[in-house]
Amino acid sequence: MALDIDTDALRRASEFVSNAGEFLHPDLTMDVPPCGSDTVSQAVMNNLNARRRWLVAHVQSGATQASNAAAAITDTAGA
């Protein structure tokens, strides 16, 4: 019994996953400045920017994982 694998479908899946990875890799490296020069505004924005950097790091990790998955699917389709 042989496996009937549609390699074209695997390549299309690879393309979709690769596109998702590209979409998840935005350039979000710039911090947002505080609205005011008071201590509270600066503290709030420092906190929000730290959370944003944490979230961006996770989104970019997802982009890397999507890219790796796309490469693995492409390799499978070529095997």
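Which residues are linked in a network of salt bridges? In this predicted model, D31, R52 and R53 are joined in such a network, a salt bridge being a side-chain nitrogen of Lys or Arg within 4 Å of a carboxyl oxygen of Asp or Glu. The model is a prediction in which local features need pLDDT of at least 70 and side-chain atom pairs count only at pLDDT 80 or more, while totals for chains, interfaces and linings use all residues. Residues are numbered from 1 along each chain as its sequence is written, and side-chain values use heavy atoms, with hydrogens and water left out.

By the salt-bridge rule, the count comes to two. The side chains of R52 and D31 meet at 2.4 Å, N to O. R52 lies in helix α2 and D31 in the loop between α1 and α2, so this pair ties together parts that are 21 residues apart in sequence. D31 also forms a salt bridge with R53, with the closest N and O atoms 2.7 Å apart. Because R53 lies in helix α2, this second pair ties the loop to a part 22 residues away in sequence. Relative accessible area is 18% for R52, which counts as buried, 38% for D31, which counts as partly exposed, and 40% for R53, also partly exposed. Buried means under 20% relative accessible area, exposed over 50%, and partly exposed in between (1.4 Å probe, protein chains only).

Helix α2 spans residues 39–78 and has 40 residues; helices are DSSP runs of H or I with at least four residues, numbered from the N terminus. The helix reaches 58 Å from its first C-alpha to its last, close to the 58 Å expected at 1.5 Å a residue, where the expected span is 1.5 Å times one less than the number of residues. Its buried residues include S41, M45, N49, R52 and V56, and the buried residues of α2 pack against α1 (7–23).

S41 is buried at 18% relative accessibility. Its side chain makes a polar contact with the side chain of D38 at 2.7 Å; a polar contact is a pair of N or O atoms within 3.5 Å, where within protein one must be able to donate a hydrogen and the other to accept it, and residues adjacent in sequence count only if both atoms are side-chain atoms. S41 also touches P34 and G36, not counting residues up to four places away in sequence, with contact taken as heavy atoms within 4.5 Å.

Q65 lies in helix α2 and is exposed at 56%.

Notes. Helix = DSSP H or I, 4+ residues; strand = E, 2+ residues; numbered from the N terminus.
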